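Subject: Handover of a structure and its findings

Dear colleague,

Please find below the structure that I am passing on to you.

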Amino acid sequence: MNLRNIVDKIKPTFEKGGKLEFLHSTFDAFETFMFVPNTVTTKGAHIRDCVDIKRVMIIMVLALVPAFLFGTWNIGYQHSLAYSMHWNFWQIIWYGLVKIVPLYLVTYIVGLGIEFTVAQIRGHEVNEGYLVTGFILPLIVPVDVPLWMLAIATAFAVIFAKEVFGGTGMNIWNPALIARAFLFFSYPSKMSGDTIWVGGLHRGMDAWATQGGQLADTFSGATPLANPSGYSVAEMIIGNVPGSVGETSVIAILIGAAILLLTGVASWKIMVSSIAGGLLVGLLGDVPCWHQLIMGGFLFGTVFMATDPVTSCQTECGKWIYGFLVGALAVIVRLFNPGYAEGMMLAILLMNTFAPLVDHCVISVSLKRKARKFNKIA
C-alpha cells in the first residue's frame, strides 16, 4: 500500500504537463508491471474479464520455468560430464547459472531497451509481450553462443520482426524464432555442430577442473538429432542430453504444456495436430516415429512457439491445419535435408507466413457453404 501511495504521488510528474512528461511511456510500463491498472470503463458495453495481456504473458513465463530450471541444471551436468569433473548438485547448478544469466541479461537489456525507446518515440504504452520473447530466446540457443551475437540477433528480431509491424500483437513471425534464424543463417558455425552444445571452461571455474581441461574420450557432444542411437529413450525424456538450454527435457516441457492448457492460454488443437503431423511423416524415417517427438526442439516448439496466439491461425479449423503442417514440415526437413538436422524453427516460421492464408481459405469455404445452404432454403 505504501508503494502504491508513492507511485500515485510521483505520477503527475510523468503525466501530460509534468516535468518528465517525455518519460510517460516508461513510467506507465513500470506502473502496470507492478500493479493492476486502477482505471475502469465508465460507459458503453464491455466484457468483465480478469484475463489481460499481462496475465497471459506471466502464465507463459511460469509455464517456461520448469524448462528453464532443468536447462540450468543440464548446462552444468553436460559440462561436468564432458570434462569428467564429477561435480555435486550445487556445483552443477552454479555453473549453469553462470552460463545462462548473461544470456538473459543481454536479451532483456537489448530487447527492452529498444522497446522502451520505440515506445517513447511513438508515445505508446510499453506492452508486456517481450517478457515471453526475452525468456524464450536464451532457451533455444546454444549455451555458449557469443553474447555480442545474441545482442545483434535480439536487436534484429525486435526491430524487424516486431516493431516495424507495430509492436506486440501486430507481428507476423515469432520474434524469438526470428532471432534464432538470424543466428543460424548469419553464424552457422555457432549454431550447428557437435561441440557447441557443451559450454567450455569458464574463468573462475578452473579450480574445479581438477581432472584437466580435455573432453573425455568416451563423451560425445552430439545431440540426439545428430546421433539418435547414442542416447536411450529415458535419457531423451528426462533431458540429460546435449541440446539447446530449454529443449531437452520432455518432462519439463509437458509440465509447461499442462499449465498452458489448464489456464486456456494455448490451443490444444495446435498441439495435438502438430504431434499428429510429426508422427505421420515420422513413419517414413529409420527410427520409430514417436522418437521425432522427444528429439530436438519438436515438443518445445509445439508447446511454446507454434501456439503463439499472434502468429498462429485464429480460426478453429485453421488451427488444426496449421498445427498439422508445422509438425509434418518439421519432420520432413529432418528426414530429407541432411544439412539441417532440426526442422522445427523453419516449419513454424513458414507456417507463421501462411497462417493468414489458411484462415482466409477456411473462412471462404465456410461462407460458401453457408451461402449454398441459404440458397437451398430460399
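This is a predicted model: local features need pLDDT of at least 70, side-chain atom pairs count only at pLDDT 80 or more; totals for chains, interfaces and linings use all residues.

A residue is called buried under 20% relative accessible area, exposed over 50%, and partly exposed in between (1.4 Å probe, protein chains only).

Residues are numbered from 1 along each chain as its sequence is written, and side-chain values use heavy atoms, with hydrogens and water left out.

Overall make-up

The protein has 14 helices and zero strands. Helices (H or I, at least four residues) and strands (E, at least two) are DSSP runs, numbered from the N terminus. Of the 378 residues in the protein, 49% are buried.

Salt bridges

A salt bridge is a side-chain nitrogen of Lys or Arg within 4 Å of a carboxyl oxygen of Asp or Glu. By this rule the structure has four salt bridges. In one of them, the side chains of Lys-269 and Glu-316 meet at 3.0 Å, N to O. Lys-269 belongs to helix α10 and Glu-316 to helix α13, so this pair ties together parts that are 47 residues apart in sequence. Lys-269 counts as buried because its relative accessibility is 17%, whereas Glu-316, at 41%, counts as partly exposed.

Glu-316 also forms a salt bridge with Lys-319, with the closest N and O atoms 3.3 Å apart. Both of these residues lie in helix α13, three residues apart, which is about one turn of the helix.

Aromatic pairs

A pair of aromatic rings is described by the distance of the centres and the angle of the planes. Rings of Phe, Tyr and Trp (its six-membered ring) pair if their centres lie within 6.5 Å; planes under 30 degrees apart count as stacked, over 60 as edge-to-face and the rest as tilted. The structure holds 17 aromatic pairs. For Tyr-104 and Tyr-108, the ring centres are 6.3 Å apart and the planes meet at 20°, so the pair is stacked. These two residues both lie in helix α4 (residues 89-122), four residues apart, about one turn of the helix. Both Tyr-104 and Tyr-108 are buried.

How are the rings of Trp-268 and Trp-320 arranged? Their centres are 5.4 Å apart and their planes stand at 85°, so the pair is edge-to-face. This pair links distant parts of the chain, with Trp-268 in helix α10 (residues 268-282) and Trp-320 in helix α13 (residues 316-336), 52 residues apart. Trp-268 counts as partly exposed because its relative accessibility is 46%, and Trp-320 counts as partly exposed at 36%.

Tyr-104 and Tyr-108 also belong to one aromatic cluster, together with Phe-68, Tyr-130 and Phe-135.

Surface patches

Patches are made of residues with over 30% relative accessible area and no salt bridge; like charges are joined within 9 Å, and nonpolar side chains (Val, Leu, Ile, Met, Phe, Trp, Tyr) within 5 Å. Accessible areas come from the Shrake-Rupley method with a 1.4 Å probe, and for residues only the protein chains shown count as cover.

Trp-268 and Trp-320 return here as members of a nonpolar surface patch of about 800 Å², which also includes Leu-261, Val-272, Leu-280 and Phe-324. Helices α10 and α13 each supply at least two residues of this patch. Which helix gives the largest share of the nonpolar patch? That helix is α13, with four residues. Leu-280 is found in helix α10.

There is also a patch of positive charge on the surface, where Lys-368, Arg-369, Lys-370, Arg-372, Lys-373 and Lys-376 gather. Lys and Arg count as positive and Asp and Glu as negative, while His and the chain ends are not counted. The place of a charge is taken as NZ of Lys, CZ of Arg, CG of Asp or CD of Glu. Arg-372 lies in helix α14 (residues 344-377).

Yours sincerely,
A colleague
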